[in-house]
Amino acid sequence: MSEADRDGELAGGRPRRSWLFTPATRPDRFDRGARSGADVLIIDLEDAVPPADKAAARVAALRALAAAPAAPILRALRINAPLTAEGLEDLLALMRLPQGGGPDFVIVPKVDSAEMIRWVDTLLSGAGRPLPLVALIESAHGIAAVEDIARASPRLAALFFGAADLSAELGCAIAWEPLLSARSRLINAAALAGIEAVDSPFFDLTDAAGLQWEAAAALALGFGAKAAIHPGQISTVNATFTPTEAEIAQARRIVAESAKGVAVVDGRMIDEAMARKARRILCRATCADQSQEDRLP
């Protein structure tokens, strides 16, 4: 997918700035999550669910996905690792779903190779469930293969950076600097494939300034979205990934002036590369406005 196609698709759909994790064992939180302002609600069958509760959580998650959400929101299902018994059960359950009753995205954890994405895609597509996939990259092998993973399937919608598992494997801190090179490689792979990149959650719920800093750093690096583990983090993430009025105004000037060729805007020389970036800002702004209108009572 080209950059222009990707931006057009984003402008015509819903924004995906914030992805909120919610344990599948807590169906009482699904409606709250849908009303949190998050763009995507992740119903989690993997890390948030103890082994003894996996089957019950799967039933609760699929029952929730069969019903309309409490508020306009996209919904993702994080399954268990595909090469585990629970992951296979998750995939079988998705394959048996009636048409129209599934998630908007299936998040595949522990993706170490392009073959894993192709295998999941083949299973779901063969059962008539060609669902959009998100590859969760959270291991050294996954980072090493991320360029191939990003191009593994036309139904791969995004790469999702998993900081916690990767830091545990590398033996480094769950902090920005130690994981910067891995984040950068994932961003480059996503750009090459023309798909989205979603950053890991910020795990300290008491550090509002840290969340703000890391969200801004993720945006500056090239991520289009950031995950969250608490509804209280959503407003910061959404605000960070929504262009400001000043950014929108400047983007409009750049687009207008770029039609004349090389020009100067606000004292800076602009060209077609800057115009492409400006158009992406305007697409993000359009999506954010539409999302706000959809949520009005």
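## A buried ring to start with

Phe 105 has a relative accessibility of 7%, so it counts as buried (buried is under 20% relative accessible area, exposed is over 50%, and partly exposed is in between, with a 1.4 Å probe and protein chains only). Trp 19 is buried too, at 1% relative accessibility, and so is Phe 160, at 2%.

A quick word on what you're looking at: this is a predicted model, where local features need pLDDT of at least 70, side-chain atom pairs count only at pLDDT 80 or more, and totals for chains, interfaces and linings use all residues. Residues are numbered from 1 along each chain as its sequence is written, and side-chain values use heavy atoms, with hydrogens and water left out.

## The aromatic cluster

There are four aromatic pairs in the structure. Rings of Phe, Tyr and Trp (its six-membered ring) pair if their centres lie within 6.5 Å; planes under 30 degrees apart are stacked, over 60 edge-to-face, and the rest tilted. One of the pairs is Trp 19 with Phe 105, a tilted one with 5.4 Å centre to centre and 45° between the planes. Trp 19 sits in strand 1 (residues 18-23) and Phe 105 in strand 4 (residues 105-108), so this pair ties together parts that are 86 residues apart in sequence. Strands here are DSSP runs (E, at least two residues) and helices are runs of H or I (at least four), numbered from the N terminus.

Trp 19 also meets Phe 160: the ring centres are 6.2 Å apart and the planes are at 85°, so that pair is edge-to-face. With Trp 19 in strand 1 and Phe 160 in strand 6, the parts tied together are 141 residues apart in sequence. Ring pairs join Trp 19, Phe 21, Phe 105 and Phe 160 into a cluster.

## The barrel

So where do those strands go? Eight of them close into a barrel, in the order 1-2-3-4-5-6-7-8, with parallel pairing. Two strands pair if DSSP finds at least two bridges between them. From one strand to the next, the twist averages 25°; axes are lines fitted to C-alpha atoms, for helices over the stretch in contact, and angles run from 0 to 180 degrees between N-to-C directions.

## A look at strand 7

Strand 7 (residues 196-199) is covered on both faces: Glu 196 and Val 198 on one side, and Ala 197 and Asp 199 on the other, are all buried. Strand 6 (residues 156-161) pairs with strand 7 in the parallel sense over three bridges. Ala 158 stands opposite Glu 196, and Phe 160, from the aromatic cluster, has Val 198 as its bridge partner.

Strand 7 also pairs with strand 8 (residues 225-228), in the parallel sense over two bridges, and there the bridge partner of Asp 199 is Lys 226. Strand 7, helix 10 (residues 208-221) and strand 8 make a right-handed β-α-β unit; right-handed means that, with the strands pointing away from the viewer, the path from the first strand over the helix to the second runs clockwise.

The axes of helix 3 (residues 54-66) and helix 4 (residues 85-95) come within 11 Å and cross at roughly 25°. That makes helix 3 roughly parallel to helix 4 (under 35 degrees is roughly parallel, over 145 roughly antiparallel, 65 to 115 roughly perpendicular, and the rest oblique).

Lys 110 is in the loop between strand 4 and helix 5 (114-126). Its phi is near 55°, a positive value in a residue other than glycine, and at 26% relative accessibility Lys 110 counts as partly exposed.
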